[in-house]
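User: Can you walk me through some side-chain features of this model? Surface charge and aromatic rings, please.

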Amino acid sequence: SIHGDVLNANPATEDERNRLIEELKRRGKSTVISRSFPESELLYGKAIDVMAESDVKSGSDPASKKRQDLAILYSNRSLARYHLGKLEESESDARRATILNPVYSKAFWRCGQALGALQRHADALEVYEGGVLAAKNAGASTKAFQKEMEKCQQKIEEEQKLLETTTASAKVDGATPPETAPARSTADPIPESKATNTVKSTSEKKKNEAGATKDSSSNKLFTKSDHVRGYKIVNGKKTSYFHNELSEDAKKLIGDIAPKKLERVDVEEEKKNNSSDDKTSVWNTAGTWEERDTSPWAKETLTQALLSAEYSLPLSSPQPGAVVKITNVKSLNGHASIASVRGKRRYMYEFSTTLEWEMDIPSDGNTCTGSIEFPDIDGTCDGEYEMTNYTVKSVGTAGGAAKHLLDRFVKNGGLKDVLTEKLNEWVTLFQST
């Protein structure tokens, strides 16, 4: 495996464990982006094992940040297992994540998705209800959860109608369901028509067996039906019609196709030849993974993209012409890097940010301010980003009249939609470098 260096690593100190976990997370993100889910499952599984060991040895508080980080790792492995068709394991990982962090709405979402794929719609509905509560506690939108809940409810109703229809039909016909139908007694008479058919089929079977026996006694290779099935003779043996024997001319044309031993690559020599690149991964002992840190450039360009977010309220709104915009990137944490894996580039990024916004209402001279957070900006978001901790700090003299306006054009749309576009534009820019 190209990740054997980290998967087989055995860190001895707390610092080594933390550095290994970060490396596993970075590689896990890249494999999810490239949809290499078998590798994702292995990398996140290793990170879970190392972090669990770290918790035990460091004696950290179970409610600490490590507990939340562990929930994210379980949730990400759940995603990988979902795409691998390991639905039971996916549901188990996601449920473990909800226990570790009961306000982590993404874990509830992935648990519900796995249960839905398992056709356990009632259980999925219950999980989505928990996801709604988690999203509300985090100040995030619940639209996606509500939509999935409606689908689950529809599926449950369809199953109930099908069950009722089947039961009613069985009562009308006087039929017994297949699983409860009594077995025929050996003493029950067989209808005459069936008995006749049975005699005929038995007679025909005996004739066929006799024909085969007769052919065998005559040392014939084929029965009467073998020519229809497509058998043929090759080197005195009966074989399939599609069997192909290569001629000597064909063998000469193809050449020697026997497996050949590969020569061992001198890793140390390769490392010396590439020593000019001092930004390769410290875990790249096998010479298969090279990574370049692009975090400074990524943070600068991402900050510029977020600060350019601005939305003007439409003429149909209560305050046409009012403008809401991002005024400050209060915090931007995370990293970005570009990895080269056997000649293929993989783009990895993981950020969280807190933004401050402002809405100017020219009609009454009021200015409303507040803040929002995007806790997960990474390759697993698929163009949709969860917005949490929406707060309103000031509404001027507008009072409660501004709440509906802000909910509509900041929290649930307007500025939020513009920010989603800006983030997707930045991802496109990053992946084009």
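**Surface charge and ring pairs**

Analyst: Asp-382, Glu-384, Asp-417, Glu-421 and Glu-425 make up a negative surface patch. Patch members have over 30% relative accessible area and no salt bridge, with like charges joined within 9 Å; a salt bridge is a side-chain nitrogen of Lys or Arg within 4 Å of a carboxyl oxygen of Asp or Glu. The model is predicted, so local features need pLDDT of at least 70 and side-chain atom pairs pLDDT 80 or more, while totals for chains, interfaces and linings use all residues. Residues are numbered from 1 along each chain as its sequence is written, and side-chain values use heavy atoms, without hydrogens and water.

User: Where is Asp-382?

Analyst: Asp-382 sits in the loop between strand E7 (366–378) and strand E8 (388–394); strands are DSSP runs of at least two residues, helices of at least four. Its relative accessibility is 70%, so Asp-382 counts as exposed (over 50%; buried is under 20%, partly exposed in between, with a 1.4 Å probe).

User: Now the rings. How many aromatic pairs are there in the whole structure?

Analyst: Eleven, counting ring centres within 6.5 Å; planes under 30 degrees apart are stacked, over 60 edge-to-face, the rest tilted. One of them is the stacked pair Tyr-311 and Phe-409, at 6.1 Å centre to centre and 25° between the planes. Tyr-311 is in strand E4 and Phe-409 in helix H14, so the pair ties together parts 98 residues apart in sequence.

User: Is Phe-409 buried or exposed?

Analyst: Phe-409 is buried, at 5% relative accessibility.

User: Which rings form a cluster?

Analyst: Trp-297, Tyr-347, Tyr-349, Phe-351, Trp-426 and Phe-430, linked by ring pairs.

How values were computed
Patch = residues over 30% accessible without salt bridge, like charges linked within 9 Å, V, L, I, M, F, W, Y side chains within 5 Å. Areas by Shrake-Rupley, 256 points an atom, 1.4 Å probe, with all protein chains shown as cover. Lys, Arg positive; Asp, Glu negative; His and termini not counted. Charge placed at Lys NZ, Arg CZ, Asp CG, Glu CD. Phe/Tyr/Trp six-rings, centres within 6.5 Å; stacked < 30°, edge-to-face > 60°.
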